Amino acid sequence: SQQLKTIENAFDFLEKKYFNNFVTLSNEENYFIYKNLVLNYFDFPHFRKNISKNLKWRTNVIDLSMNLADKFQIPSLYHEAIANLNEFNSLFPENELFFDYEENIFYCHEKSYYLQKNNAKNASHKNEIEMEYIGACYAFEDVLYAPEFWGKNKNAELINLIWKRAELRYEREDFAFAFDDYFHLIELKIDDKFKKHCYARMAEIAQMELDFPLAAEYFSEAAKFATDVEKKTFWQNELACLKLGAEMLFENGEFATSAQEYLNLAEKFNDNKRKNSAIIKAIESYKKAEEFEEAIILLLELAEKYTEKIEILSAYSNAWTICDSLQNWEISEKLRNDFILKFPHSNEAYKLKLQLADFYENEPFHKKNTAAQMYLDIYNSADSLDIGEDKRENIFLQAIKIYQDIKYFDKEVELILLFQKLHPNDPNIDDLLNRIAIIYADKNDIEMMICFPDSFP
């Protein structure tokens, strides 16, 4: 109708005027005068049918609002632009500017966030600002993944967006969300510097979550992309996490797993001192787990690595102590003999030989004949043994005592006479000869008793 035509002409005139007014003086007043005109125009259902004008004027509103926001750098103006962009894309989802405007929406959210983040009124306001930005990141991420998105630097934009969100999540201590973002970044095509930082962050998060094995794994990965100075720090962090993980597992009663973690730690050390110290911890864990075979294997491996006798003895003695507790006497005896073979002339070897002889004399073997012979063998090899302050003669006398205990009198007499020949001045000789006389007296052997007249007054 003529009336609508007249109204439309008036709007067309004012649209150009108000638009030029804004170009001449860009301020909020001129912007809202122009925007309200456009809104009033489209309040007329008839005018809404003019799609080309609808698109053009609404696009102008968007351009003016973004121009105004960038000029004055005020968060509320960026939110005004966001509202315009969202409304446009909602009304015209198939328009060719859709993805441009989605990118602009994120741009405005980001500008608003950086303008406000250091000026929050309180903790609640700060959280509101951050969560709005995080939400915008997720929304734009979905846009970037859309196959229709035209961006040439799509991957770079995606990396930049997720990176910023991950860092914010980390600062907020939203560690689970931050971890997911860093992990996602690793899956994208990022450079080595980014990879190093992402792995380091994931390691730190895992460490704070007390997942020390995972933290160690990620510190190790970070080191692959680090400088030589950084590598050392990452390596030390990895070792610390492996150690803490093993200790925590031990405290939680997961002894077998703890042992494996200590062995993993040992593999990381270059120096034998720390490597062996970790292995000793693994041995303790295996013992707690009652996996004694594994503990013994490690002890014997340590014995082969050690060069000092005291260390080798410690490893072997720990191994045979385990066997003793299990009453596995066959292996226990073998381990003692293995040490003796390594240091056959040592005082330790001498004491072990005495101990083995005692095993046969008493518990656990109860083979006194064998024990007596063992003492005699020790006596015979005493010149090549370090027997310390012990008297060689006493070793021989122990064999005599055993034969007396088992009433093997002929052997007892034989050894007493041999002892008299070898040690004629020993203070025990008289008592030993009297013992022979008593043996024959008990047998009522007059002929042999005559040979020891001093024993029978």
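Is the crossing of H21 and H22 left-handed or right-handed? Some notes on that and on one other spot follow.

1. A reminder before you start: this is a predicted model. Now to the question. H21 and H22 cross in a left-handed way. The contact itself is made by Phe409, Asp410, Glu412, Val413, Ile416, Leu417, Phe419 and Gln420 on the H21 side. From H22 come Ile429, Leu432, Leu433, Arg435, Ile436, Ile439, Tyr440 and Lys443. Sorted by class, that contact has eleven nonpolar residues, four charged ones and one polar one.

2. How do the two helices lie relative to each other? H21 covers residues 409–422 and H22 covers residues 429–443, and their axes come within 10 Å and cross at roughly 150°. Angles over 145 degrees count as roughly antiparallel, so H21 and H22 are roughly antiparallel to each other.

3. Now move to the empty space. Rolling a probe the size of a water molecule over the atoms shows where such space is left. The structure holds one cavity of 30 Å³ or more, and the largest cavity has a volume of about 90 Å³.

4. Who lines the largest cavity? Look for Lys35, Val38, Leu39, Arg58, Val61, Ile62, Asn84, Glu87 and Phe88. Helices H2 (28–41), H4 (51–72) and H5 (75–91) each supply at least two residues of this lining.

5. What classes of residue make up the lining of the largest cavity? You'll find five nonpolar, three charged and one polar.

Methods
Residues numbered from 1 in each chain as written. Predicted model: local features only at pLDDT ≥ 70, side-chain atom pairs only at ≥ 80, totals over all residues. Heavy atoms only, no water. Axes fitted to C-alpha atoms, helices over the stretch in contact; angles between N-to-C directions. Helix = DSSP H or I, 4+ residues; strand = E, 2+ residues; numbered from the N terminus. Parallel < 35°, antiparallel > 145°, perpendicular 65-115°, else oblique. Left-handed = near helix turned anticlockwise from the far one by under 90°. Contact = heavy atoms within 4.5 Å. Nonpolar A, V, L, I, M, F, W, Y, C, P; charged D, E, K, R; others polar. 1 Å grid on protein atoms, 1.4 Å probe; cavity = no way out; pocket = protein on both sides within 12 Å on 5 of 7 lines; lining within 4 Å. Points joined across faces, edges and corners; volume = space filled by probe spheres on them.
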